[in-house]
Amino acid sequence: MEWNPETLNFLSQCFLNTLSPLPEPRRRAEAALAEAADRPNYGLAVLRLVAEPTVDAQISQSAAVNFKNHLKTRWAPQPNDPVQFIVPDPEKEQIKSLIVTLMVNSSPKIQAQLSEALTIIGKHDFPKAWQTLLPEVVATLDKLSQANDYVSVNGVLAMVNSLFKKFRYQFNTNEMLLDLKYCLDNFAKPLLEVFKRTAGFIDQLLASGNANMNALKGYIESQRLCCRIFYSLNFMDLPEFFEDHMDEWMIEFNKYLTVNYSSLEDSGKDGLALVDELRAAVCENISLYMEKDEEAFQKYLSGFVEAVWGLLVVVSNSSSRERLTVTAIKFLTTVSTSVHHTLFARDDILQQISQSVVIPNVMLRDEDEELFEMNYVEFIRRDMEGSDLDTRRRIACELLKGIATNYKQKVTEKVSAQLQSLLTSFAENPSANWKHKDCAIYLVVSLATKKAGGNSVSTDLVDIESFFGSVIVPELRNQDVDGFPMLKAGALKFFTVFRNQISKPVALALLPDVVRFLGSESNVVHSYAANCIEKLLLVKDEGGRARYLAADVNPFLLALMTNLFSALHKPESEENQYVMKCIMRVLGVANVSREVALPCINGLATVLNRVCENPKNPVFNHYMFESVAVLIRRACEQDPTLISAFETSLLPCLQMILARDVSEFFPYAFQLLAQFVDLNRSPLPGNYMDIFAILLLPESWKKSGNVPALVRLLQAFLKKASHELNQQGRLSNVLGIFNTLVSSPSTDEQGFYVLNTVIENLGFDVISPYVSHIWVALFKRLQNNRTVKFVKSLVIHMSLFLVKHGPQNLASSINTVQPDVFRTILEQFWIPNLKLITGSMELKLTSVASTRLICESLSPSDAMIWGKMLDSIVTLLSRPEEERVEEDPEIPDFGETIGYNASFVRLYNAGRKEEDPLQEINDPKQFLAASLANLSARSPGVLPQIINENLEQANQAALFQLCSSYNLRIV
């Protein structure tokens with residue numbers, strides 16, 4: 001695209017039309033720009049348009065956004081669209097030569113867009129393919145800061161900050177360290193110079209008494225950006241330059257924590273927030289230095305502790321200064337666990353920390369109540385799921401934990417006294433001081449320590465049973481499920497956290513009360529009630545036995561299920577994942593009678609129909625399908641007369657999913673259909689055979705995310721409709737599916753599942769016309785793309801073929817591919833790879849098949865091959881897995897999974913029951929010993945010589961030890 005007046009006019013008109021309120025001109029302009037974007041020099045032309053002073057500001061802004069988005073997708077190849085047009089190298093160089101100067105000279109709005117664009121380029125090219133960037137940035141910064149142009153200075157620093165963030169988050173590789181060294185060599189000194197120059201401007205402004213708020217804002221923001229760049233450059237390790245100039249940095253850092261910038265801080269929330277952001281950045285920097293090099297930092301430590309402490313006493317009482325509070329407390333927590341912990345040893349300091357920092361920050365505030373009522377999902381995410389580490393409530397408790405690592409008894413005494421004070425205050429006026437009780441409960445829960453290797457927690461602050469009985473039980477027994485909901489939520493959370501310590505009789509007596517709370521109008525309360533029940537049902541006693549059984553749940557099962565389904569009708573809880581997870585867990589534990597099963601399946605079908613309209617919560621949806629699967633499994637297996645009613649409720653939903661192409665639900669629908677096929681008797685009803693016909697169409701298998709579920713369904717059909725399989729070319733279609741699946745490393749395992757099900761369920765007379773084609777497909781794949789997974793699967797398949805159809809049919813069918821090729825397969829494939837087999841059922845299958853092969857088919861006169869096969873069998877049966885199986889070094893085949901695919905999620909309760917093809921054989925070792933003893937009895941003296949010549953010494957000893965353990969002999 002040439003840069004000329006016509007191009008300027010064309011682009012200007014297009015960008016103007018993209019802002020049109022009318023859809024038609026807007027669509028035409030977007031299409032024209034999309035077409036132009038595939039031409040060389042398009043990005044350069046748009047950048048020149050942005051630089052054109054005569055162009056309207058609206059058009060320039062629209063062009064800047066387009067330029068940034070153009071670079072996002074066209075600067076480097078995209079993995080999901082490798083053929084897309086990429087900006088040519090000559091154009092890239094021109095863009096890089098112009099963008100820094102243009103960014104500096106633009107208006108703030110355009111500067112922000114170009115700064116992002118520059119970061120995109122830098123992510124791919126900096127520093128190796130853009131060596132001129134940093135020198136240009138350094139020169140520009142120096143010039144701008146000397147000119148006191150801090151709008152532009154901050155634009156440049158924001159861009160550098162974005163570029164350098166990679167040093168915080170990416171792996172510490174040699175390449176990354178070289179990049180870091182380059183940035184330190186070229187930017188550490190200029191960064192300090194800008195930082196000191198700006199500090200001088202701030203000092204001058206304050207000394208003059210001139211309250212130029214806009215200028216001060218620019219300076220403060222500049223220092224914040226310098227602090228963030230400082231953090232990035234020091235994150236991996238403390239560089240020598242920064243250690244040499246530590247005084248210059250630390251003196252200024254301390255100043256920003258102690259000086260009051262009243263012209264900004266008193267001007268309103270925005271000014272205060274800006275200064276607090278700088279202070280928070282300073283706190284993160286000094287925490288970093290405290291962690292990286294305590295010794296070098298020691299001389300500044302007491303000054304910083306004093307400064308941070310002074311700040312905290314002020315900000316802990318302010319709800320709008322959370323980020324500063326959190327970073328300041330994190331710094332004190334780092335100090336408390338370091339060698340300088342003695343700073344916190346005095347009783348009066350602990351008392352102050354408890355009263356002035358911890359209690360004010362743990363006490364509920366108006367914004368907590370607002371979050372509780374207005375955004376229950378976020379409240380729960382922070383409060384119950386542990387993502388609140390960066391909230392003042394949690395971090396205040398982390399400070400106590402940090403101090404307790406060295407002064408546990410003192411902390412316990414101080415906090416216990418505070419708990420008593422809070423509970424006394426609540427008792428004096430419960431309705432006015434309910435937050436004091438909530439604070440006490442939160443402290444006990446947050447300061448509890450988790451025991452290693454389990455879900456059990458403990459605390460030294462209180463006696464759990466006593467605290468539970470006196471503080472928690474009254475809240476749970478309260479008949480008003482909607483009164484003081486935050487207090488009720490806290491009580492339910494305590495019950496959940498300490499569930500292992502609450503005795504079974506006490507917990508069971510309270511369960512009907514928890515069931516009642518499912519009826520609360522508060523989303524958090526009924527979510528916590530559901531979570532409490534769900535977690536209780538997972539409690540295990542010693543030995544791994546479930547503490548709560550069906551008999552414990554059944555007395556109030558109907559009320560429980562009624563309240564759970566009612567909760568799903570409450571506003572904003574229509575897709576409440578905690579409620580649905582509880583439904584799933586209860587159905588997995590309880591004895592589901594017909595009276596409970598029918599309302600449950602109808603309720604689940606109603607929910608399923610509703611979410612099909614707009615699937616938006618994948619976690620909820622998974623638990624919903626898992627609930628359906630567990631209900632089908634447990635209710636229908638117990639009472640087969642329910643199958644028809646379940647089909648009436650669910651089949652229309654599943655057919656709707658397929659008809660409306662609700663692709664997110666396809667894998668789930670196929671797994672549930674497989675359950676129904678498993679439950680039906682042969683011959684299958686016509687509506688299932690219609691689904692079978694759809695299943696055999698090649699189009700059904702195009703989405704890789706559907707394949708495992710389709711295979712699960714196909715296996716169910718193969719087992720139940722084996723007679724119909726040999727009609728209307730169905731078997732040919734099934735084998736075509738197998739052939740497609742087995743040819744790719746990403747689906748070959750699924751292909752074997754299909755093939756093995758065919759081998760298991762059809763007679764040799766039915767499959768014999770196809771067998772040679774099957775072997776050709778398998779050996780072709782083995783030759784072209786051998787992987788460990790494929791090798792193991794093929795050994796297992798051949799073993800299954802042998803035990804189902806005999807060694808003679810196995811050998812003769814393989815030899816139809818090429819005369820006497822079976823012997824080659826044995827020598828070069830089966831014998832060396834038998835040791836790779838893992839899994840108890842697979843080990844039994846392959847060892848028994850191999851044993852039958854040497855005892856029924858191979859002749860001992862062929863001593864070497866017979867002996868080597870026996871050697872492999874003994875290795876398989878006698879050596880531990882880690883000795884005989886090497887790590888699988890296979891790399892996943894990314895090429896076949898690029899792009900969007902609905903991923904497969906297995907339903908635990910809809911899984912296919914593994915069936916042992918050798919149920920009549922219990923012990924494969926005994927089978928080997930008995931088979932060899934029988935064979936040797938028929939030809940005495942032959943086998944010992946073969947064993948002596950062909951088995952490793954260790955395997956010979958293992959074999960004779962095996963035989964003697966069963967009182968059998970090889971003669």
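1. Helices in this note are DSSP runs of H or I with at least four residues, numbered from the N terminus. On that basis, Asp237 is placed in the loop between α11 (213–234) and α12 (240–244). The model under discussion is a predicted one.

2. Asp237 has a relative accessibility of 54% and counts as exposed, because the threshold for that class is over 50%. Together with Glu240, Glu243 and Asp244, Asp237 forms a negative surface patch.

3. Ser62 belongs to helix α4, which covers residues 57–74. The relative accessible area of Ser62 is 14%; Ser62 is therefore buried, the limit being under 20%. Leaving aside residues up to four places away in sequence, Ser62 touches Phe15, Thr18 and Leu19.

4. Regarding the overall fold, the protein chain contains 47 helices and 2 strands. Its C-alpha atoms fill a box of roughly 110 × 80 × 65 Å along the principal axes. Of the contacts in the protein chain with a separation of 6 or more, 74% are between residues 24 or more positions apart.

5. As to burial and surface, 53% of the 971 residues in the protein chain are buried. The accessible surface of the chain amounts to about 42900 Å², and carbon and sulfur atoms contribute 51% of that surface.

6. On charge, the protein chain carries 92 positive and 112 negative side chains. The centres of these two sets are 3 Å apart.

Technical notes: Residues numbered from 1 in each chain as written. Predicted model: local features only at pLDDT ≥ 70, side-chain atom pairs only at ≥ 80, totals over all residues. Heavy atoms only, no water. Buried < 20%, exposed > 50% of the residue type's maximum accessible area, 1.4 Å probe, protein only. Contact = heavy atoms within 4.5 Å. Areas by Shrake-Rupley, 256 points an atom, 1.4 Å probe, with all protein chains shown as cover. Lys, Arg positive; Asp, Glu negative; His and termini not counted. Charge placed at Lys NZ, Arg CZ, Asp CG, Glu CD. Patch = residues over 30% accessible without salt bridge, like charges linked within 9 Å, V, L, I, M, F, W, Y side chains within 5 Å. Salt bridge = Lys/Arg side-chain N within 4 Å of Asp/Glu carboxyl O.
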